[in-house]
Amino acid sequence: MYILSLKRGSVLKSRTEELLFACARAQGLGLRRDTVSSLIRRGVDLEYLRFLAVNHHVSSLVYNTLKFYKPSSDPEKRAIKGLRVSCLALSASNSFYKKALMRILASFAEKDIPVIPLKGILLSEYLYGNTQSRDQSVDIDLLVKEKTIESARSLLEDIGYAFKPAGEIEEYRWSYNFIKPGMPAIDLHWDITMMVRGRKRIDSLWRQAQAADLSGVKYYYFRPEELLLYLSAHLVNSGVFRQLRHIRDIERLIEKYGNEIDWNSVVRKAREWRLSGSLYAALALI
């Protein structure tokens, strides 16, 4: 209801959205504190900013930029406090999620089932250098090889997870869902997009995957080129197309690893994997 109180196209709304983008991109822009203060002094609605930050899952990025700002009114104080509370809750949640994820990855390693964590905590560390800069999803997404799906399913059921059937047509299915009381749900994928299966895409992804060892827990991860294609496919072919968090992830990937990326290789793989449209749309948005 609050968002409806701002007239569409209003100057206040536009300035607030401009501040949202600036705060979310602060790490890449090298945004100065005085620049943030200047943007706020032009006239913004910090409560609307908080609303947008929470709904676009970038509250951590926004708060980390604004936490040095000294609010000059009670509404501003309430908005900044609200962002801070969101970040504290997120910090506790992220700690819980990371412990849960590492236990699950350890179980996969013990059974010698190759697995790639998608998005989530480890993506936050890879892109932002910590687990607190990225708001997390409500579940844990894992990619396994299609030939190990049943082994992975049995493993999850052995550690207390229950398979949650979905009403998808089998030939279009690309993941299984598992739930466990008091624990994050798990989406077990064997492809990175719900589009038509592409054997060349899947085989190439696994050939290029890099091995990692975190505190004795072994798993795999995507290199920057493959990660860019995965994040582009996820952004375009899921329900998060308009969510700033996922746009910012791709932008951050390019900021941090752009010089390492072979762009001709990316374009070639996008064509071979039927992801050219996803890649173009993602880069156009950025």
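## Basis of the model

This is a predicted model, in which local features need pLDDT of at least 70 and side-chain atom pairs count only at pLDDT 80 or more, while totals for chains, interfaces and linings use all residues. Residues are numbered from 1 along each chain as its sequence is written, and side-chain values use heavy atoms, with hydrogens and water left out.

## Aromatic pairs

The structure holds nine aromatic pairs, counted where ring centres of Phe, Tyr or Trp (its six-membered ring) lie within 6.5 Å, with planes under 30 degrees apart called stacked, over 60 edge-to-face and the rest tilted. Tyr 48 and Phe 51 have ring centres 6.5 Å apart and planes at 20 degrees, so they are stacked. Both belong to helix α4 (residues 46–55), helices being DSSP runs of H or I with at least four residues, numbered from the N terminus. Tyr 48, at a relative accessible area of 1%, is buried.

The rings of Tyr 126 and Tyr 257 are also stacked, because their centres are 4.8 Å apart and their planes at 15 degrees. Since Tyr 126 lies in helix α7 (residues 120–128) and Tyr 257 in helix α11, this pair ties together parts that are 131 residues apart in sequence.

## A buried aspartate

Helix α11 (residues 244–257) also holds Asp 249, which is buried with a relative accessible area of 0%. Beyond residues up to four places away in sequence, Asp 249 touches Leu 123, Leu 127, Tyr 128, Arg 134 and Leu 231, contact meaning heavy atoms within 4.5 Å.

Technical notes. Helices (H or I, at least four residues) and strands (E, at least two) are DSSP runs, numbered from the N terminus. Buried means under 20% relative accessible area, exposed over 50%, partly exposed in between (1.4 Å probe, protein chains only).
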